[in-house]
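The structure comes first, and my entries follow.

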Amino acid sequence: MSHQPPASFPKRERDSHKGNFGRVLLCGGSRGMAGSIALSSIAALHTGSGLVSAAVPDRCLETVAAFHPCLMTIPLADASRGHFAVAAADELASRLDSLDAIGCGPGMTTNEGSIQIVRRLLEPTKLARVFDADALNCLAKMDWAEQDPVSCEASQSSSDVSNNIVLTPHPGELGRLTGTTTKDRDLQIEAAQKLAAHHDVTIVVKGGPTVVVDATRTWTNSTGNPGMATAGSGDVLTGVITSLLGQGMPAWDAARLGVWIHGAAGDRAAAEYGQAGMSAYELLAELPKVIAAFDS
Ligand SMILES: NC(=O)C1=CN([C@@H]2O[C@H](COP(=O)(O)OP(=O)(O)OC[C@H]3O[C@@H](n4cnc5c(N)ncnc54)[C@H](OP(=O)(O)O)[C@@H]3O)[C@@H](O)[C@H]2O)[C@@H](O)CC1
Ligand SMILES: Nc1ncnc2c1ncn2[C@@H]1O[C@H](COP(=O)(O)OP(=O)(O)O)[C@@H](O)[C@H]1O
Ligand SMILES: [Mg+2]
């Protein structure tokens, strides 16, 4: 198994500015799960994104903003329990044109507001998207796996809008999406391959090791360890992959390189703190050290 990264990290030209490294947005969180979307957003900052915004239910804004001074925060309409209200979907839609990539789902809940957001994000667009956690649970609620694939408008170049969605399910989420048992890893990977081919998406089948599939390819990661089985690890991965998509990488490369970097950060954290002692917070601190090695 090769320990080399599966793709090159995006280069930074000498005369570049923050707009050249992607305007990305992470959408999610709810009262009680504000940390999840903060982890994703900070991970995107640490992976090289030029501008990172977190779009969160209004009443979570101060909490999420306080995690990192470099984050921008966007308040979206919320319902009384602190999750997205239905009006949040329109508010988010009005911002999509200015983005290079969006990651959606961590901590979001599967209430109606979240479902409307996911519906919007499924519309064909050249915007690269990551669906994680509750965005995947919304897809499961909508029976998306069984639906016909969305056909692209003739006016849009189909190459612009094809395979620019990455799904990042853990086995429980993949089970909800595809109806496969979490106890049969091979069956789950096979179901992910079928789903990837059906909807022309890339799927990160999380685990030890994580496997990435698309319509025709399968790749197994060589980094990572069981110390990463800790709350928030997957939220960090969402930010890493969203960041790489925002820097212009195709979905297949962004998913594989993101998984590899995330696992390498986990291996560094385990070496420093031990597998039991590390948390997803330490992953954030290790990401820049993994990425710094690409400069040499
Ligand atoms: N700081 C925060 O705010 C955080 C907030 N978070 C947010 O919490 C929300 C719920 O997300 P979640 O992932 O915790 O729960 P859920 O989707 O119900 O999955 C668990 C079910 O799946 C099953 N399962 C089987 N195999 C599995 C596997 N390998 N890995 C994982 N699960 C596996 C598992 O089986 P069991 O454990 O019973 O064997 C169980 O039945 C979501 O919004 C998320 O973003 C988190 O990101 C954490 C940090
Ligand atoms: N035993 C393991 N070996 C390697 N990586 C693991 C292991 N357990 C979990 N991980 C990684 O940790 C992350 C967990 O993601 P997820 O379950 O979505 O966490 P959360 O939702 O709490 O953020 C995934 O990237 C997964 O591959
Ligand atoms: Mg998760």
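For residue classes, I counted Ala, Val, Leu, Ile, Met, Phe, Trp, Tyr, Cys and Pro as nonpolar, Asp, Glu, Lys and Arg as charged, and the others, Gly among them, as polar. By these classes, the shell around ligand 1 holds six nonpolar, seven polar and four charged residues.

I noted that this is a predicted model, in which local features need pLDDT of at least 70 and side-chain atom pairs pLDDT 80 or more, while totals for chains, interfaces and linings use all residues. Residues are numbered from 1 along each chain as written, chains are lettered from A and ligands numbered from 1 in the order written, and side-chain values use heavy atoms, without hydrogens and water.

Entry: the ligand. I found 17 residues around ligand 1 (a heavy atom within 4 Å); the closest are Gly107, Asp134, His170, Arg176 and Asp235. I then looked up polar contacts (N or O pairs within 3.5 Å). An oxygen atom of ligand 1 lies 2.5 Å from a side-chain N or O atom of Asp134. For His170, the distance from a polar side-chain atom to a ligand oxygen is 2.8 Å. Arg176 likewise places a side-chain N or O atom 2.8 Å from an oxygen of ligand 1.

Entry: the helices. I took helices as DSSP runs (H or I, at least four residues), numbered from the N terminus. Helix α7 gives the largest share of the shell around ligand 1, four residues. Helices α1 and α9 (residues 233–246) pack at about 35 degrees, their axes (lines fitted to C-alpha atoms over the stretch in contact) 7 Å apart.

How values were computed:
A polar contact is a pair of N or O atoms within 3.5 Å; within protein, one must be able to donate a hydrogen and the other to accept it, and residues adjacent in sequence count only if both atoms are side-chain atoms. Helices (H or I, at least four residues) and strands (E, at least two) are DSSP runs, numbered from the N terminus. Axes are lines fitted to C-alpha atoms, for helices over the stretch in contact, and angles run from 0 to 180 degrees between N-to-C directions.
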